[in-house]
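I opened the model to look at one strand and the core around it. My notes are below the structure.

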Amino acid sequence: MPSEEIASRTRSEAWEPRILAFLCNWCSYAGADLAGVSRIQYPPNVRIVRVPCSGRINPLFLLRALQNGADGVLVSGCHPGDCHYISGNLAARRKFALFKVLMRDAGIEPERVQFTWVSASEGGRFAAIVQKVVEAVQKLGPNRKLVKSHER
Amino acid sequence: MSANREIEARLRETAGKLLAEKKVGLFIGYEKASLPFRTTPLFLSRAEEAERLAWNPFCTANLSVYLPRLFQAPADARAAKAAPPPPTIGVALKGCDARSVVALLQERQVRRENLVLVGIACQGLVDRRKAEKALGTHEALGAGEDGRGNIRAVVEDGTEVTLRREEVLAEACLECRSPAPSLYDFLLGTPVEAKGAARRRKDGLESQPLEARWARFQEAVSGCIRCNACRQVCPMCYCKTCLFDQTRPRWIGAGTDISDVSIYHLVRALHLAGRCIGCGACERACPMGIDVRLLERKLSAEVEKLYGYRPGEAAEAVPVLSCFAMNDPQDFLTEP
């Protein structure tokens, strides 16, 4: 979706948060799929990007998402010890922890970027996490920081 | 003879000897520059030119920044085979510069066996901007050091002005925890006690509300002209291709749009998390006087708190973001 459209939709009156979710191929994406086939209801505000592993997440992805108008970002991988690549999520965990700290210190609401683990059997957990993230971002309102204005 | 003059003499002698005996093919040090409060990097390959070397409180550059590229092998395997053997390099290092060499060794960017490290027990360096500010309306024509380590400057009307040492020391030097090199082949001068251990720049970021922190960050980076000087002088920014230079894809706009500028500084802080050794070269290089280490300082403190790690302390240590522990804290995770 062009970022102008994202930007204009963010400004529309009936504002709904737009969450970008990065899910790892092996656990969380399957977990989201399970939530779907189990017909568990969760807010439709997430757009899912499948990545090979949570270790694939470059912090730049998260910043770019915010810059292009996402109101929140969710990153989910396999539980520690369950990574398909043995330790991708463990190596990522340190980066994630520091990313949260960076958000806090730069003055960007840390709730805009959330990290979690969801396994392939946890459809219910995925739905509950999405519910929680959407509620948190709803409370914060539209993302205005870091968003690049395209009007110029 | 003041301590620094003695170090300078010994530096010339050591470098000259290394070059004459062919122990090194290249010696990197400092040379007097044409402007006061400044020095310029000097690349020496002939022993008889060792007299050009200088050591004074204005030798602010972190010379380890040149090392990774001198050891860079061609990416192509056949070209790498045909390439000349890596050079042997002698380099003058202050405490902070030695830390960055250790960090570069940790990340395998330099070859210890090809390096001759001439460590200098640093007494702290002068921040050019602070000195110029302290002179007020006067313009310095020349500058030097007096016997007690204070800075003497000759100004335009020919009078001499003495600047108190504490007033003009660089911020990074006031905070320095290890002014003497930890890794060296030769050590010049007597190590001084680290006075900076207790001092931390108080920016009170933690106690401020979110919006105030955001305003502070935006105010800090809004002056940025994206000249990339902070990246160029950083010894840890050695990527052959920097993501900020890439145009396909263009990850981040190259202009001074506040959003792009903010992301530049956020990414820079993240890339240096757990790697920055705090030499302050970026701060001194910034033409706009931005506090470019604002976020990075916080991240470093957090890395130390979370993982008990300080970069540049042990060449054998694995960089903090290249390893993990099963019990790393993860209380930042979202739970349903």
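These entries go from the numbering to the strand and then to the core.

I worked from a predicted model, in which local features need pLDDT of at least 70, side-chain atom pairs count only at pLDDT 80 or more, and totals for chains, interfaces and linings use all residues. Residues are numbered from 1 along each chain as its sequence is written, and chains are lettered from A and ligands numbered from 1 in the order in which they are written.

Strand E1(A). I looked up residues 19–24 of chain A, strand E1; strands (E, at least two residues) and helices (H or I, at least four) are DSSP runs numbered from the N terminus. I found 6 of its 6 residues buried, that is, with 20 or more other C-beta atoms within 10 Å of their own, the C-beta atoms being placed from the backbone. One side carries Ile19(A), Ala21(A) and Leu23(A), the other Leu20(A), Phe22(A) and Cys24(A).

Pairing. I took strands as paired at two or more DSSP bridges. E1(A) runs parallel to E2(A) (residues 46–51) over 6 bridges, with Ala21(A) opposite Ile48(A). E1(A) is also parallel to E3(A) (residues 72–77), through 5 bridges, and Ile19(A) faces Gly72(A) there.

Core. I then checked the largest nonpolar core, which has 135 residues; such a core joins buried Ala, Val, Leu, Ile, Met, Phe, Trp, Tyr and Cys residues through C-beta atoms within 7 Å. Ile19(A), Val73(A), Leu102(A) and Val91(B) touch the most other members. Helix H4 of chain A (residues 88–106) gives the most, 10 residues.

Conventions. Buried ≥ 20, exposed ≤ 12 C-beta atoms within 10 Å, placed from the backbone.
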